[in-house]
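This briefing is intended to be read alongside the sequence and the model. Please keep both at hand while working through the topics.

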Amino acid sequence: CYVEVLAQAPCVRLTCGHLFHEHCVRAKVQGRWSGVRINFGFLNCSLCKVQMSGPMIEKIVAPAAELFKVVAVKAEQRLALESSLKNAPELQPGGTYHGKLLDFAMKKFAYYMCFKCSQPYFGGLRSCEQEDQELRDVQSDEMVCGGCSVSGDQSCPTHGLEAIEYKCKFCCSVASWFCWGTTHFCDSCHRKQGTPDSMSRKLKKDLPQCAGQQACPLRVKHPDNGEEFVLGCQICRSASSV
């Protein structure tokens, strides 16, 4: 819309009041996000940053809007699990996200699309380092959710494989990468592969040591780092923590 006048092609008016070429809106939405982490900035109006909506683009944004709803539910469930974040300064009166739990959760957590089932899954906390991660080439077939990487009889009797999560093999974080068909990595440990600090080359005694269930970020009893461990169903864990 910045290279041709609006009169040169069919236009749509968004609920926010701004006018764009229909083909520009379609291209923006179909292009989705760049990098591996799901980011819904592509759904926002380019001028006012309000999420795009309107009867003329309802069909165009419907699939992405549905994905947003799915990730939003998962983010709220994850926030219920992360007890250390419930009293975050940003959520207190006067804080940036006071009264905006969903916005806080969507900003705080990283979600990825599973290569196998094409469903979003939790991949840990966002950080500046994760932004850098998006800028380099990654192997998309290593982005696999816990349910699709599950082995043996580890299905949840209530939710099946939908929300099964693994811990990182090398530290006390939720895994977001599944490599070689055998090994789960969190984003931080995965970035170290191919460097002198490669986690898979370390002896078990040289890996980060868990400080115990009460201090562990995962809040679960698990084997020493260096062993694969399934955390179980995130939905059930979220319900039990409320």
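The notes below move from the overall make-up to individual residues.

The model is a predicted one, in which local features need pLDDT of at least 70 and side-chain atom pairs count only at pLDDT 80 or more, whereas totals for chains, interfaces and linings use all residues. Residues are numbered from 1 along each chain as its sequence is written, and side-chain values use heavy atoms, with hydrogens and water left out. The protein has seven helices and eight strands; helices (H or I, at least four residues) and strands (E, at least two) are DSSP runs, numbered from the N terminus.

**Overall make-up**

- Of the protein's 242 residues, 40% count as buried; buried means under 20% relative accessible area, exposed over 50%, and partly exposed in between (1.4 Å probe, protein chains only).
- Among contacts (heavy atoms within 4.5 Å) with a separation of 6 or more, 51% are accounted for by residues 24 or more positions apart.

**Helices α2 and α3**

- Two packed helices are described by the angle between their axes and the distance between the axes.
- For helix α2 (residues 58-81) and helix α3 (residues 101-108), the axes come within 9 Å and cross at roughly 95 degrees. That angle makes α2 roughly perpendicular to α3.
- Axes are lines fitted to C-alpha atoms, for helices over the stretch in contact, and angles run from 0 to 180 degrees between N-to-C directions. Angles under 35 degrees count as roughly parallel, over 145 as roughly antiparallel, 65 to 115 as roughly perpendicular and the rest as oblique.
- On the α2 side, F68, V71, A72, A75, E76 and L79 take part, and they meet L101, L102, F104, A105 and M106 of α3.
- The residues of this contact divide into 10 nonpolar, no polar and one charged. Here Ala, Val, Leu, Ile, Met, Phe, Trp, Tyr, Cys and Pro count as nonpolar, Asp, Glu, Lys and Arg as charged, and the others, Gly among them, as polar.

**Salt bridges**

- Side chains of opposite charge can pair when their charged atoms come close.
- The structure holds seven salt bridges, a salt bridge being a side-chain nitrogen of Lys or Arg within 4 Å of a carboxyl oxygen of Asp or Glu.
- One of them joins the side chains of E165 and R78, at 2.4 Å from N to O. E165 lies in strand β5 (residues 164-166) and R78 in helix α2, so the pair ties together parts that are 87 residues apart in sequence. Both E165 and R78 are buried.
- D197 forms a salt bridge with K192 (3.9 Å, N to O) and another with K202, where the closest N and O atoms are 2.9 Å apart.

**Surroundings of S149**

- S149 is found in helix α5 (residues 146-149) and counts as buried, at 7% relative accessibility.
- The side chains of S149 and H184 are joined by a polar contact of 2.8 Å. A polar contact is a pair of N or O atoms within 3.5 Å; within protein, one must be able to donate a hydrogen and the other to accept it, and residues adjacent in sequence count only if both atoms are side-chain atoms.
- Leaving aside residues up to four places away in sequence, S149 touches V144, Y166, F178 and H184.

**Loop residues**

- Most residues other than glycine have a negative phi, and most peptide bonds are trans.
- S118 has a positive phi near 60 degrees without being a glycine. S118 lies in the loop between β3 (109-113) and β4 (120-125) and is partly exposed, at 45% relative accessibility.
- R219, also not a glycine, has a positive phi of about 60 degrees. R219 lies in the loop between α6 (187-191) and β8 (230-233) and is partly exposed, with a relative accessible area of 38%.
- C117 is placed in the loop between β3 and β4 and is partly exposed, with a relative accessible area of 32%.
- C117 and C145 are 28 residues apart in sequence and 8.2 Å apart in space, C-alpha to C-alpha. Not counting residues up to four places away in sequence, C117 touches C145 and C148.
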